[in-house]
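Thanks for coming. Please look at the sequence and the structure on the screen while I talk.

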Amino acid sequence: MRVLLINSNLKDDILAAPPIGLCYVASAAEVAGHEVRVLDLCFKRGLRQELEKAIIGFSPQVIGVSLRNLDNANMLCPVSYLPSALEIVQVIRAITAVPLVLGGSGASLDPQGVLEFLQGDYLIVSEGEKSFVDLLDALNRGESPAEIPGVGMWRQGKFHVTPPQLTSFPSGNPRLARWVDLAPYEKMGASYTVQTKRGCRMRCIYCTYNQVLEGNHLRLRSPSEVVDEIEEAFYQFNPESFEFVDSVFNDPVDHCREILEEIIRRPWKARFHAMGVSPKNLDSQFLQLMQRAGFASLMISPESASETMLANYQKGFGLGDLRRAAEAINQFSFPVLWYFLAGGPGETARTLEETLEFIRRYLVRSKGAPHNLANIFLGVRIYPGTKLWHQALEEGVIHDQSNPLRPLWYLSSQLDLDRTIRRLYRAACRWPEIVLGDMEKFLPLSKIFGVTRKVFPFPKPYWQHLLLAHQILVKLRVRSLFQAGGVPARLREFLKLQRDGSIPACLPGGDQSQLCQSPGTLGAGEA
Ligand code: B12
């Protein structure tokens, strides 16, 4: 069949992410004998024309659209990506009536809601390599795909989904650069992305990785297969760097160590980045191995540095592990982006102080080249299927009818919102290492890195330069000016509506309140 796969993620700033998931699906469909094309809408202007060109020129028999994010998971500055995805789908629908299949992590988080909202025909829950190819075969044979694992669809007017089967890592190389032009991504600081495993055996109460996205059964790729994929891309496309996008990079640690050792054994030298690095097992020996393999930065998500909160989030490590990891990291010069959540179940002013004290003690550097950034998100996004969802239901924070397409938040009732926001801003005004969610508004400015890079190539990852920008703001004593007035009142109002079960729709056709903005897509006059 002729299959057109479309990436609807338009995030083209320093967080731009090549659509590796869509490429995995494209490669699997091609290997299965289908004629496949990929249209990557990120960085494109005139989306309507791009869609027309791709659809009319190719006459696809099936169109797949990936939805990576529902929203930006940032309570202080929320942005929904659903309106832009809907605009894209509406343009497609106006051009052709072929079956439309939705997929991606965003689609998997609330299959029924997304299928209904985006008016798709089918939706693939979780990984797409096998389910999508089986769906194509069923459509080709004129059979119903309803019993295929991972397929969601309408049956007699009702949503029907067969649970996905996540038993092994689907073999195959996503061949990222075969399907998408990596140049604009690299310009914005992104890397050639690689996955070494699927599945996450952590049990964090708020997280979706061990649930519908990847399941909690680990499916490891052999280290030589992973490094062969990197080697092939290294010689064929010579990307500036590679980034591992596993849920948890260094779990299981032995598998990760074998990959690092395999990289070291190869004759070439590449630069690497990793996100999802766990503080568990992160000692100086391991970091040394990462350094020898060519690592240039890492992201780590402890979420809290309070023993109470680590236990409440069920992070699977304690404060001792975290302190040891921070001490080890500080012996190296990697730029490190730390992620913290403020406001989960049981958070109090005291537990928040414990996290801030950890940041002050381990991440704020008074002398030498600073290299840590602490990104603190206020509020925890509540996703269906997680323990937090059930806890929030029990506590009356959300309701059976709460719509997960509309960002829902958990904020500990033991925190005073005004004081907490004041405290976070005070900390950010003092320590430039602290980044708050309000920086989302300034992300478009990060495109400057792409523009200036020919004349002045800033070292990657670009996020490390936020530190210098913050240092300037803090020195000039203007950081506090970024504090949006009325935020606590707005959040309080929203949380009350969420509790009462009367949140206004924040989707097209509904009330586009400030609480949830959405970036435009087609531009004025184009839609
Ligand atoms: C790595 C990662 C990042 C990295 C990306 C690095 C990079 N250069 O790629 C960084 C840290 C930069 C990042 C940033 C953000 N992220 Co992030 N990220 C992830 C993570 C851990 C893995 C994504 C990934 O690459 N997976 C590997 C690929 C192979 O899997 P996949 O994309 O799911 O694809 C499979 C299926 O979904 C399906 N599929 C995919 N597309 C399609 C299409 C069709 C047609 C079909 C049929 C199937 C299909 O098949 C694929 C292969 O099996 C996920 C969580 C997770 N475990 O999935 C969060 C996740 C995607 N991120 C999330 C968020 C919120 C963000 C940010 C908005 C955060 C922020 N506030 O800034 C930004 C957005 C960035 C962007 N450009 O969109 C959320 C999205 C949920 C939501 N609320 O909408 C997730 C799910 C985490 C979560 N909270 O649960 N992220």
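A polar contact here is a pair of N or O atoms within 3.5 Å; within protein, one must be able to donate a hydrogen and the other to accept it, and residues adjacent in sequence count only if both atoms are side-chain atoms. With that in hand, a nitrogen atom of the ligand lies 2.6 Å from an N or O atom in the side chain of Tyr-383. For Glu-243, a polar side-chain atom is 3.3 Å from a ligand nitrogen atom.

Some ground rules. The model is predicted, with local features needing pLDDT of at least 70 and side-chain atom pairs pLDDT 80 or more, while totals for chains, interfaces and linings use all residues. Residues are numbered from 1 along each chain as its sequence is written, and side-chain values use heavy atoms, leaving out hydrogens and water.

Around the ligand there are 44 residues, counted when one of their heavy atoms lies within 4 Å. Leu-15, Leu-70, Asn-72, Thr-208 and Tyr-383 are the closest. Helix H1 gives the largest share of this shell, 5 residues. Helices (H or I, at least four residues) and strands (E, at least two) are DSSP runs, numbered from the N terminus.

Now the sheet. Its 7 strands run in the order S2-S1-S3-S4-S5-S6-S7, and the sheet is open with mixed pairing; two strands pair if DSSP finds at least two bridges between them. S6 and S7 pair in the antiparallel sense over 4 bridges.
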